[in-house]
Amino acid sequence: MTEQYILLENMRFYSYHGVFEQEQQVGNRFEVNLKIKTDFSAACISDEVEDTVSYAEIYNLISEEMAVPSRLLEHVAGRIIERIRNSYVSVSFIEVKLSKLHPPLGGEVEKASVLLIWEQHLQ
């Protein structure tokens with residue numbers, strides 16, 4: 001069997017994550033990239049959304065988590081992974097890259113990112 005992944009790339013959000021008070025008040029632009037592993041071989045045959053993980057549902061879940069202010073990107077990425085894990089038992093691998101665009105670091109930086117990976121280990 002081949003490996004099967006769903007990717008949602010370059011999702012953009014305006015959110016209020018940051019350690020500094022100004023970031024929490026003014027907000028910033030963020031980018032989320034997601035890669036999940038799930039078996040959607042039945043959907044390849046049936047053409048039915050019930051046989052896969054809905055991209056729209058995943059996007060809505062991520063959007064909800066991005067709307068909750070946090071101090072750390074690590075915390076937001078962890079919440080996204082936990083929500084997906086708890087909502088979709090068929091998902092066995094999740095990779096979330098969360099980037100703050102043009103972070104206030106005192107210099108020119110395009111993105112500050114965290115990459116969090118969860119993988120189900122079968123026993």
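This is a predicted model: local features need pLDDT of at least 70, side-chain atom pairs count only at pLDDT 80 or more; totals for chains, interfaces and linings use all residues.

Biologist: OK, how many helices and strands does the protein chain have?

Modeller: The protein chain has four helices and four strands, where helices (H or I, at least four residues) and strands (E, at least two) are DSSP runs numbered from the N terminus. Read along the sequence, they follow the pattern β-α-β-α-α-α-β-β, and the C-alpha trace spans about 50 × 30 × 25 Å along its principal axes.

Biologist: And what percentage of the 123 residues count as buried?

Modeller: Of the 123 residues, 38% count as buried, meaning under 20% relative accessible area with a 1.4 Å probe and protein chains only.

Biologist: Which residues of α3 are buried?

Modeller: They are Ile58, Leu61, Ile62, Glu65 and Met66. Seen down the axis of α3, these buried residues fall within an arc of 135°, so they line one face of the helix; the arc is that of the directions from the helix axis to the C-beta atoms.

Biologist: What covers them?

Modeller: The cover includes β1 (5-15), β2 (28-37), α4 and β3 (93-101), going by contact, which is heavy atoms within 4.5 Å.

Biologist: Now α4, which residues are buried there, and what covers them?

Modeller: The buried residues of α4 are Leu73, Val76, Ala77, Arg79, Ile80, Ile81 and Ile84, and their cover includes β2, α3, β3 and β4.

Biologist: Changing topic, what lines the largest pocket?

Modeller: It is lined by 14 residues, of which Val19, Glu23, Leu73, Lys100 and Leu105 lie nearest its centre. On a 1 Å grid over the protein atoms alone, a pocket is an open set of points where a 1.4 Å probe fits, with protein on both sides within 12 Å along at least five of seven lines, and lining residues have an atom within 4 Å of a point.

Biologist: Which elements supply at least two residues of that lining?

Modeller: Both α4 (73-87) and β4 (111-119) do. The lining divides into nine nonpolar, one polar and four charged residues, with Asp, Glu, Lys and Arg counted as charged.

Conventions. Residues are numbered from 1 along each chain as its sequence is written. Side-chain values use heavy atoms; hydrogens and water are left out. Buried means under 20% relative accessible area, exposed over 50%, partly exposed in between (1.4 Å probe, protein chains only).
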